[in-house]
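Here is a short briefing on one protein model.

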Amino acid sequence: MNFGKSVEDFGAFFVNYSQEYFEKNTYFGTVKLINRELSWLSFNERVLQEAIDSKNPLLERIRFLGIYSNNLDEFFRVRVAAVKRMIEVKSKVVFGFEGGPKALLEEIKQIVVKQQRLFEIAYQKILKELEKEHVLHLDESNLSELEKTILSDYYHDKVKHFIIPILLDKRSKFPSLREEGIYLAIKLTNLAKDKIRYALIEVPSKLPRFKVINDGEFQKVIILDDIVRLHLQDIFYIFTPDTIEAFTFKFTRDAELDLEDSLALSIVEKMEKGIKDRKKGNPVRLVYDSRMPSDLLDFLVRSLGLKMDGNIIAGGKYHNFKDFMKFPDFGKTHLLYPPQPPVPHPNLKKVKHLFKHVLLKDELLHFPYQKFDYVVDLLREAALDPKVTSIHINIYRVASDSQIMNALVSALKNGKNVVVVFELLARFDEENNLYWSNILDELGAQVIFGVPGFKVHSKLMLITRRSGRKTQQVAYVGTGNFHEGTAKVYEDFGLLTAMPKITGEVSKVFRFLENNIDRGQFRSLIVSPFNSRRKLVSLIDEQIKLARKGEPAEIFLKLNNLVDSKMVEKLYDASNAGVKVRILNRGMCALVPSIENQSENITVRSIVGRYLEHSRVLLFGTGENRKVFLTSADWMMRNIDKRIEVGAPILDDDIKEHLINVLELQWKDSVKARIIGPKQKNKYFKPLEDTEPINSQNALYQLYRMQSEQE
């Protein structure tokens, strides 16, 4: 393959190769759809493009390689594992794909292998560019004697005590592997005895993955794997091998939690057992160093109970690139994004009593541009306010050292009635949620573990206060989690409101979560699974009717994922009726835009940049009649029909106008926006007119900073 000499040539190749595989796999049935797994791979390709983009700071490009790798790990643990389960139950039909699950699994492997080649080339290009910045990547083969001495001292002082070599043979049981682990498969050869031994070493996870050596002019970095390789003779000295070879491999398991159906166990006990059993889940992938000898690879594959099929993927020398998200910066700030600390909200920066302020005016928070502190501060204020009687909140993900949880602890210790709905099935956050639920339960909170059969994915908070004879309520409706960590990198909205139309219905949601019976009537909120599909269809139908009358009709959606086939069909109906449909969709998109007589009035773009676009915003109509909603739900069947999700209308005219302006600015992005076309080529959007490039994320930060600085 010819990738060209420059990063730009590399990017051009990227687009052509994308078109090649999506031309083969767009499903053209009665309704044209893109398979969700293939669409997700197209999204992760956009992340890889950020690592290629020479306009991004050099060290940030390495971190995008880490994000790509981490994403791919989760994809195999969740999505590929699901495809494998389809094969096991002999399913013959796959959403948006002409073949069955076996054919899809093979197609996934082919795409991943191609992307991995691009990944390796991108990494090598970045290393060459780092050399120009006097940063050198070392490995065990290119060290000076001084460097070997430095690393030997480091190995014996810091690393040696964490090394646990395990000899492997056919008679011994193969050790259980940690999914998060980085392993070296070792081949020891003794020529005199004509003896070959195999061994295994887990690279220590408690130590930094990178060791930096400063020698004045240059800063040098070596990966921990190579420090271990450098000392293999020390580790296996008793065997006096003639040669020792070490090859990295990574092992991925099915991440599905299998909860035991036992009346004798509580939900917490089931979760604890399910998390423990997950570590023994079925294998879904083995990625290995392509230089690994065939005899060693065969031994590994057999020992792990795998077959040489789509689960086995050849890779480069290093794996677990997710660690590269923490690649050292060497103090070279010019190789990083310029700092963009969250700014104060212009209407809240001088407010001393947040609850009373929101009683008078709705406020919209936009993360990570504005401070998440206001959410924590509101809870802390409620914890101390003698007139606050109760706090209700539902938790999907929180930080391990959560300020939100600490504020709830304070509320409990101040005698407040605290009701916390924990979603224990928040994938990969189950243990953290169990930890916090136990703490709050012991302090007297009413802890609720979701709704049987439904994940609780809404982002709600309700604070109730008694002032004289009046009951006052303030609600928070968000698009993202109560997680101050992700709020620094995830783009999300949070609405603070005291509007009775919203607070009253948020209260109904919490009543249902408490008793699972009293579902109530929702006239303002969009609540899954009760009225979401009906309301969304009704909102689309309103625009279809206007278009058929020849009146202006428009739909503008901002989502993470759009894969619900019925909603896609409804958008196709809107397009055929003449409704102008614009969609900003970050991730999976089953909808195929720009198809004659089906989706010719639909345009889809995707923004992937410094921040993860995570908010969900729905706009229907034009002018004064435009209806705007914030929601926690993507347009997937699970979010609409099988989860508790909540969307709220924007009733404040100023906030509505602001949200519209934000989305219009994002739509004009000509730096980080890709066009999602019929072949999902990930081609960058370029405006026809000769205008200045717009990076919407940078532009929004500058807008909020300017507003914050105004008195």
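**Helix H12 and its neighbours**

The buried residues of H12 pack against helix H11 (373-384), strand E13 (388-395), strand E14 (417-422) and helix H13 (430-442). Buried means under 20% relative accessible area, with a 1.4 Å probe and protein chains only. Packing rests on contacts, that is, heavy atoms within 4.5 Å. Helices (H or I, at least four residues) and strands (E, at least two) are DSSP runs, numbered from the N terminus.

This is a predicted model: local features need pLDDT of at least 70, side-chain atom pairs count only at pLDDT 80 or more, and totals for chains, interfaces and linings use all residues. Residues are numbered from 1 along each chain as its sequence is written, and side-chain values use heavy atoms, without hydrogens and water.

**H12 in detail**
- H12 spans residues 403-413.
- Its buried residues are Ile404, Met405, Ala407, Leu408, Val409, Ala411 and Leu412.
- At the start of H12, a side-chain oxygen of Ser402 comes to within 3.1 Å of the backbone nitrogen of Ile404.

**Whole protein**
- The protein has 19 helices and 29 strands.
- Its radius of gyration, taken over C-alpha atoms, is 27 Å. The globule rule (2.2 Å times the number of residues to the power 0.38) gives 27 Å for 711 residues, so the protein is as compact as a globular protein of that length.
- The C-alpha atoms fill a box of roughly 90 × 60 × 60 Å along the principal axes.
- Of the 711 residues, 58% are buried.
- Among contacts between residues at least 6 apart in sequence, 74% join residues at least 24 apart.

How values were computed: Buried < 20%, exposed > 50% of the residue type's maximum accessible area, 1.4 Å probe, protein only. Polar contact = N/O pair within 3.5 Å; in protein donor to acceptor, adjacent residues only side chain to side chain.
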